[in-house]
Amino acid sequence: MRAMLLVNPTATTTHQRTMDVLIRALGAALDLSVEETAYRGHAALLAGTAHAKGYDVVAVLGGDGTVNEAVNGLLTAEEHGGEGALDGGAAERPALMVIPGGSANVFARALGLPNDPVEATGAILEALCDGRRRTVGLGRATWDGEHRYFTFCSGLGYDAEVIRAVEGLRSAGFTARHTLYMGTAIRHYLMTDRRHAAISVEGPGIPGVPDIFMAIVSNTSPWTYVGQQPVTPTPWAGFDTGLDLLGLRRLGLSTILGLVGQILGERDTLPKGRNLVQLHDEGEFTLTAARPTAFQLDGDYLGEVERVTFRSIPNALQVLV
């Protein structure tokens, strides 16, 4: 079986010794070609050539951002037949193998893989030996003539503003740890506009809801992790269903604290509150902002937008788990 391994050498928890061990282990089981990513978007370009070059598997050693790029490379390479050709087309493109190398590794952990890259590689090699694969759905965001797929989450508003601030700190040399996100979230909360909401949601069969400060769009659960603790604002979201949404219509301290207490840890019940907007298992909906609003996708800040349409893409990708 031919496999292309994409390695992000600058990922948060990726070290040379670990990379060497994993490459030897994978190379013993696969006909392996190793490619190191050199810039943002490089993983998408490399993954996009995998099918044409006859690879059966694209493996990724890196964080959620690198995984997202690889997924987009795999799917956009198959769009020549039109958007509808993606539905149910997972078997037609290389399978994905994810080895966690970032700070949160949400997608890998949502698939049930260990957060340690060596342990995860062992689990994946067992899956390879046993022929275990899983087909998962993805989300797709379309805005300003662009589109991009996401594996676990997207969002507009406050959470995207925090990610934007963290990316600025990372470019200044700070390490992306959960403490950096938490500290930035608290500082940014004190500075953000908590009086004038800009976001509204609408969609087929969905009554329009205005005055939303923050909208979390989920393709699976959890949304993220704080250390080992999962954060589950949309506990019913899953790879086998449509998209879920949680919107906040107030950013008051009592609303935030009440929500945090309900979403930390493993949960199977929806958070409750009169200032919450919730959708479950939706095929499509649109978020519109009255002013340019921060936008993130799989933890990557993508700029400010005024309108984004989200669509569920079922059976989009095969993964080895």
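Trainee: Between which strand and which helix does the loop that holds T37 lie?
Mentor: This is a predicted model. T37 sits in a loop. That loop runs between strand 2 (31-36) and helix 2 (42-48).

Trainee: Is T37 buried or exposed?
Mentor: The relative accessibility of T37 is 12%. The cut-off for buried is under 20%. T37 therefore counts as buried.

Trainee: Which residues does T37 touch, leaving out those up to four places away in sequence?
Mentor: Residues up to four places away in sequence are not counted here. T37 then touches V7, N8, P9, H42 and A43.

Trainee: Now the whole chain. How many helices and strands does the protein chain have?
Mentor: Both kinds of element occur in the protein chain. The count comes to eight helices and 16 strands.

Trainee: Why is the protein chain called as compact as a globular protein of that length?
Mentor: Start with the rule: for 321 residues it gives 20 Å. The radius of gyration of the protein chain is close to that, so the chain is as compact as a globular protein of that length. The radius of gyration itself is 19 Å.

Trainee: What share of the residues of the protein chain counts as buried?
Mentor: The C-alpha trace spans about 55 × 40 × 35 Å along its principal axes. The protein chain exposes about 13,800 Å², with 51% of it from carbon and sulfur atoms. Of the 321 residues, the buried share is 52%.

Trainee: Among contacts between residues at least 6 apart in sequence, what share joins residues at least 24 apart?
Mentor: Take the contacts in the protein chain between residues at least 6 apart in sequence. The share that joins residues at least 24 apart is 74%.

Trainee: How many residues does the largest nonpolar core have?
Mentor: In soluble globular proteins, nonpolar side chains tend to be buried together. Here, the residues with the most contacts inside the largest core are L6, L75, L96, M97, F107, L248 and L317. The size of this core is 66 residues.

Trainee: Which residues are in contact with F107, leaving aside neighbours within four places in sequence?
Mentor: F107 belongs to the group with the most contacts inside the largest core. Neighbours within four places in sequence are left aside. The contacts of F107 are D64, V67, L96, V98, T151, F152, F239 and V319.

Trainee: How many residues are in the second, separate core?
Mentor: This core includes V201, L245, L279 and L287. The second core has 22 residues.

Trainee: A59 next. Which residues are in contact with A59 beyond four places in sequence?
Mentor: A59 is found in strand 3 (residues 57-62). A59 is buried, with a relative accessible area of 1%. Its contacts, leaving aside neighbours within four places, are M4, L5, L6 and M97.

Trainee: Is W236 buried, partly exposed or exposed?
Mentor: W236 lies in the loop between strand 12 (229-231) and strand 13 (243-248). Its contacts beyond four places in sequence are T241, D244, D268, T269, L270 and H280. The relative accessible area of W236 is 42%, so the class is partly exposed.

Trainee: Now the backbone. Which peptide bond is cis, with omega near 10°?
Mentor: Most residues other than glycine have a negative phi, and most peptide bonds are trans. P222 is found in the loop between strand 10 (214-218) and strand 11 (224-226). The cis bond runs from S221 to P222.

Trainee: Is D144 buried or exposed?
Mentor: D144 has a positive phi, near 50°. D144 lies in the loop between strand 5 (133-143) and strand 6 (146-150). At 59% relative accessibility, D144 counts as exposed.

Trainee: And D298: buried or exposed?
Mentor: D298 is not a glycine, yet has a positive phi of about 50°. Its loop is between strand 15 (284-297) and strand 16 (300-320). The relative accessibility of D298 is 2%, so D298 counts as buried.

Technical notes:
Residues numbered from 1 in each chain as written. Predicted model: local features only at pLDDT ≥ 70, side-chain atom pairs only at ≥ 80, totals over all residues. Heavy atoms only, no water. Helix = DSSP H or I, 4+ residues; strand = E, 2+ residues; numbered from the N terminus. Rg over C-alpha atoms; globule rule 2.2 N^0.38 Å. Buried < 20%, exposed > 50% of the residue type's maximum accessible area, 1.4 Å probe, protein only. Contact = heavy atoms within 4.5 Å. Areas by Shrake-Rupley, 256 points an atom, 1.4 Å probe, with all protein chains shown as cover. Core = buried A, V, L, I, M, F, W, Y, C linked by side-chain atoms within 4.5 Å.
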